[in-house]
Every structure is written in C-alpha cells, then in structure tokens.
Amino acid sequence: MTSATILVIGEHHNGRIRPASLELVTAARQLADDNSGDVVVAVAGSGVSGIASEFAVISGVDRVVLAEHDALAPFLPGPWTAAVALMIRQLEPFAVLIPSSITGRDYAARVAARLELALVPDAIDISLDKQHLVASRAVLGGRVQTSIRFIDDDPAMVTIAPGAFARAEPGESVATIEDFAVTIRADDLRVSLVEKVEHRAGAKGLTSAQRVVSGGRGLGKAENFALVEELAEVLDAAVGASGATVGAGWRPHSDQVGSTGHTVTPMLYLAVGISGAPQHLVGMSGADYIVAINRDPDAPIFKVASFGIVGDLFEVVPALTRQLKALKDHGQG
Ligand SMILES: Cc1cc2nc3c(=O)[nH]c(=O)nc-3n(C[C@H](O)[C@H](O)[C@H](O)COP(=O)(O)OP(=O)(O)OC[C@H]3O[C@@H](n4cnc5c(N)ncnc54)[C@H](O)[C@@H]3O)c2cc1C
C-alpha cells in the first residue's frame, strides 16, 4: 500500500542543485495538491547537508530526506540504485520523480528493475486520472505524444524531461530535514570510477545554459565546428550538436540535442547548418528564441525559428562572430 507522498530525487552536481530537480518540485507539488499528498525531496551524496538545506527552503517542498554515504559520491550506478531503492521501499511513495539526466536515466532503470516497478522515461507532463498517475511522453521522434497510465498501486516511477516544468523557487517556509540511513553492500560496488573527462558542453552545462549554439551536418566536417565554438564563446553559450554530427563522430553524444539526446530550453537557441528534423526539433523547440542559419530557404528549421538567416554559414557565422566580438569589446555585449 503506498502513501500519497511524491518523492523527488533531488540531484546535484559540483555542490549545486541541478535546475532540473527544481522543475521536478513544481511537477510534484501539482500532483500532491491534486492528491492531498506531500512532497518529499531525497538528497543523496557525501557531504551534501548544504544541498538538503537549499532544498528545504524551496517552495512546495514539505520534507527533505538526507542520505549521506561516502559511496554515494562521485556518482556510481550501484550505490545510487541501492540508496534510491531503499528510500522507495521505506517511504512507499505514490510516485517517484527523477530528472531525465544522464545519471537519472541510469539509476532509474536499475531501481525499477530491482523493485519490479513500472517506469515511464522522459515524461513531458504528469497528471492524475482516478487516483492513478498518467505520464505523457513524445514518441516517434516527437511526432506523436502518448499518455501512459499506471494501473497498479505500486510506486509509479517517472523520469521527467528537462524544461517540461517551471523551476520551483525559494519560498517563505522551511521544510524539515530528516537523516536517512543507507546501507551499501559489496555487491553494489562492482563498478568503480576510472576516469572523469569533462566535455566542453558539460563545462557549460548544455541543459541549463541560457544560450546554446548548435552545429549540424551543414558544417561539412568536424574541424568546422570551430566556427560554432567561436560563436558560442563570444555569446557565452554552450555548444550543442545535431544527431547527424554525433553519428558522424564529429561531436560526443553528450552534445546531442533531440529525441535521443538532450532537451534544452534556453533563452536563445542558434542552429547552424541544421535542417530541423523532427528528432532535433523535439529537443529544442521550447527555447524562447530560435535563430536558424541555413542556405536552404525551405529547411524545416525555419518553421520554428523566430529569426532566420538564409545564407552560407561559412560567410554568415564568421561575420556574426566578428560583429558580436566588436560589440562586446565596446562594452555593449
Ligand atoms: C531514432 C532516431 C533518433 C534520432 N535522434 C536524433 C536526435 O536526438 N537529434 C538529432 O538532431 N537528430 C536525431 N536523429 C537524426 C535526424 O533524423 C536527422 O537525421 C538529423 O537531425 C539531421 O541532422 P542535421 O540537421 O545536422 O543534418 P541534415 O539534415 O543533413 O541538414 C544539414 C543542413 O545544413 C544545411 N547546409 C548545408 N550546407 C550549408 C551551408 N554551407 N550553409 C548553411 N546551411 C548549410 C542544409 O541545407 C541542411 O538543411 C534521429 C534519427 C532517428 C532515426
């Protein structure tokens, strides 16, 4: 028998709350209000009491549970799976919301398998139907949206796509923080971290960036991504990439925007030499402003663009970078 608790896994990175976790608080609050439930944020890690305190002042959070263990940092799938599974077993929530981050997608599937729970990945909306959770997600490259209803009384697990909900902000009240004891067994430590390599997009935080410049196959070859990087540099933007360029090995998958990459919702999304396939559009059409540079006036990307430049990117991009640099040098950037 589950409670009406909505459990949010509060992810963090480099000592900061991941913005996607704050979006989950908004989603959880809506669900809890519809179901007379409460919102519990779980914070797992090592030395993360400060993160727990930050979550405690976020509007909509009723309770924070803090699971501290040395094995929970840096992230490894084994210990995180063990910790999250234990929390679900003990708290018996109605629903568990996990960010669709690279780590979230990893442990969510493992936890679901371990506890034999149903999991809907990459949901873009959640609601209640006759006391059952309904999660909506885009399929077939974003062309179709499906709604999936959980039918049993077990905790419903959902990973939520970044940008699907507004971020919850600090509020007036302070939630209680409770310690949660985690046991990590030797079996949970079968994978260890050998090396960590930060890609450029990781450093700039593609999914939380306010500006993203993405490159597509129109760049012709990997080396020409330098044009995108220079433009991104002057705009203080993260670098993204289309699926075609990742498939060609020009960029790492961590840069990919789209249905099988990241969903981004920046203030500005600049698409350079990207045609605008449905699989790409599903990952970026939530941006406030979309600027497209493409030499084909009929490219589908122009249908979603706020501003379009029809032209050769090898002329347009260097000129744009030069102009923006000049503005910046004159203190107007
Ligand atoms: C299951 C599945 C999942 C997928 N997931 C993703 C995903 O997550 N993300 C994703 O992006 N794709 C994904 N794809 C691939 C997707 O279908 C497209 O193939 C891909 O998005 C195309 O990338 P592109 O726009 O860079 O290349 P293209 O479609 O080849 O477009 C290149 C564009 O560059 C323009 N161009 C060429 N030269 C110049 C120039 N000199 N100046 C200006 N413009 C120029 C062309 O006019 C063209 O519009 C997926 C596909 C499948 C089947």
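Predicted model: local features only at pLDDT ≥ 70, side-chain atom pairs only at ≥ 80, totals over all residues.
Residues are numbered from 1 along each chain as its sequence is written, and side-chain values use heavy atoms, with hydrogens and water left out. Local features need pLDDT of at least 70 and side-chain atom pairs count only at pLDDT 80 or more, whereas totals for chains, interfaces and linings use all residues.

The ligand is surrounded by 25 residues. A residue is near a molecule if one of its heavy atoms lies within 4 Å of it. The closest are Ser-242, Gly-243, Thr-260, Ser-275 and Asn-294. By class, the shell holds six nonpolar, 15 polar and four charged residues. Here Ala, Val, Leu, Ile, Met, Phe, Trp, Tyr, Cys and Pro count as nonpolar, Asp, Glu, Lys and Arg as charged, and the others, Gly among them, as polar. Three helices each supply at least two residues of this shell: helix 7 (243–247), helix 8 (278–284) and helix 10 (313–329). Helices (H or I, at least four residues) and strands (E, at least two) are DSSP runs, numbered from the N terminus.

Ser-242 places one 2.6 Å from a ligand oxygen. For Gln-256, a side-chain N or O atom is 2.8 Å from an oxygen atom of the ligand. For Thr-260, a side-chain N or O atom is 2.6 Å from a ligand nitrogen. On its own, the ligand has 990 Å² of accessible area (Shrake-Rupley method, 1.4 Å probe). The protein covers 72% of that area.

Met-267, Tyr-289 and Phe-307 form a nonpolar surface patch of about 300 Å². Patch residues have over 30% relative accessible area and no salt bridge, and nonpolar side chains are joined within 5 Å. A salt bridge is a side-chain nitrogen of Lys or Arg within 4 Å of a carboxyl oxygen of Asp or Glu. Phe-307 lies in strand 17 (residues 307–310).

Val-291 belongs to strand 16 (residues 289–294). Val-291 counts as buried because its relative accessible area is 13%, and buried means under 20%. In helix 6 (residues 225–235), the buried residues include Phe-225, Leu-227, Val-228 and Leu-231. Just after helix 6, Asp-236 takes a positive phi of about 55 degrees.

Thr-5 sits in the segment before strand 1 (6–9). Thr-5 is buried, at 7% relative accessibility. The Thr-5 side chain makes a polar contact with the side chain of Asp-38 at 2.7 Å. Such a contact is a pair of N or O atoms within 3.5 Å; within protein, one must be able to donate a hydrogen and the other to accept it, and residues adjacent in sequence count only if both atoms are side-chain atoms.

Terms used: Patch = residues over 30% accessible without salt bridge, like charges linked within 9 Å, V, L, I, M, F, W, Y side chains within 5 Å. Buried < 20%, exposed > 50% of the residue type's maximum accessible area, 1.4 Å probe, protein only.
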